[in-house]
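This report describes how parts of one protein chain are arranged. Please look at the sequence and the structure before reading on.

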Amino acid sequence: MTFELPEFDRKSTRAAVDAALEKYRIYKSTLFEEREVKTTAEWSATPRSNTGVTSDQTGNIAAYNVDEPAARRAYCKRIEEAVKLLPRRERILITERYLNTDCDFDYVVYNNAFERPISEATYYHLKWKAFYKLALNLNIQVIKEVSGLKSTSRKEKS
């Protein structure tokens, strides 16, 4: 019995992992702003009608103020756990390039983050391997579609 890893659409998978890591960076570098309940009444010239819908503005805002920070923490923890599963060099690459808020350039990472600088080709090879593993761990991979084979036989003329 053999197990083969799926072939990913590199461009789409890379975009998905980039988006996930960018979302992590945004969550870590911004503060959550709690919503507040309106305390002033709104006056309208049109008469109110019964819509059959009851709304609890205070309850909805309270639920948002509790659920949103919890969802952010859970998302960040999930990303951090996925990065912890990577081999050391790939973990250093992802941490220095994407999880830290002060590094925006690849050349800074491959020249400064490792004990000895690595080449640009080695860096991009490691980066793709790390993205492949992160996509699998986070379940955001985009599998390459295998297109059907086209028939190459010619029709005979009668």
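## Packing of two helices

In which crossing, left-handed or right-handed, does H1 pass H2? The model examined here is predicted, and in this model H1 passes H2 in a left-handed crossing. The contact is made by Ala20, Leu21, Lys23, Tyr24, Tyr27 and Lys28 on the side of H1, and by Glu68, Arg72, Tyr75, Cys76, Ile79 and Glu80 on the side of H2. Seven of the residues in this contact are nonpolar, five are charged and none is polar.

Two packed helices are described by the angle between their axes and the distance between the axes. Helix H1 covers residues 10-29 and helix H2 covers residues 57-84; they pack at an angle of about 130°, and their axes are 10 Å apart. H1 and H2 are therefore oblique to each other.

## The largest nonpolar core

In soluble globular proteins, nonpolar side chains tend to be buried together. The largest nonpolar core of this model has 29 residues, and those that touch the most other members are Leu21, Ile79, Val83, Ile94, Leu99, Phe131 and Leu134. At least two residues of this core come from each of H1, H2, helix H3 (88-99), helix H4 (106-112) and helix H5 (120-138). H5 gives the most, with nine residues.

Leaving aside residues up to four places away in sequence, Val83 touches Arg91, Ile94, Thr95, Leu99 and Leu134.

Ala121 lies in helix H5. Because its relative accessibility is 62%, Ala121 counts as exposed. Ala121 and Tyr110 are 11 residues apart in sequence, and their C-alpha atoms are 9.8 Å apart in space.

Technical notes:
Residues are numbered from 1 along each chain as its sequence is written. This is a predicted model: local features need pLDDT of at least 70, side-chain atom pairs count only at pLDDT 80 or more; totals for chains, interfaces and linings use all residues. Side-chain values use heavy atoms; hydrogens and water are left out. Axes are lines fitted to C-alpha atoms, for helices over the stretch in contact, and angles run from 0 to 180 degrees between N-to-C directions. Helices (H or I, at least four residues) and strands (E, at least two) are DSSP runs, numbered from the N terminus. Angles under 35 degrees count as roughly parallel, over 145 as roughly antiparallel, 65 to 115 as roughly perpendicular and the rest as oblique. A crossing is left-handed if the near helix is turned anticlockwise from the far one by less than a right angle, and right-handed if clockwise. Contact means heavy atoms within 4.5 Å. Ala, Val, Leu, Ile, Met, Phe, Trp, Tyr, Cys and Pro count as nonpolar, Asp, Glu, Lys and Arg as charged, and the others, Gly among them, as polar. A nonpolar core is a set of buried Ala, Val, Leu, Ile, Met, Phe, Trp, Tyr and Cys residues joined through side-chain atoms within 4.5 Å. Buried means under 20% relative accessible area, exposed over 50%, partly exposed in between (1.4 Å probe, protein chains only).
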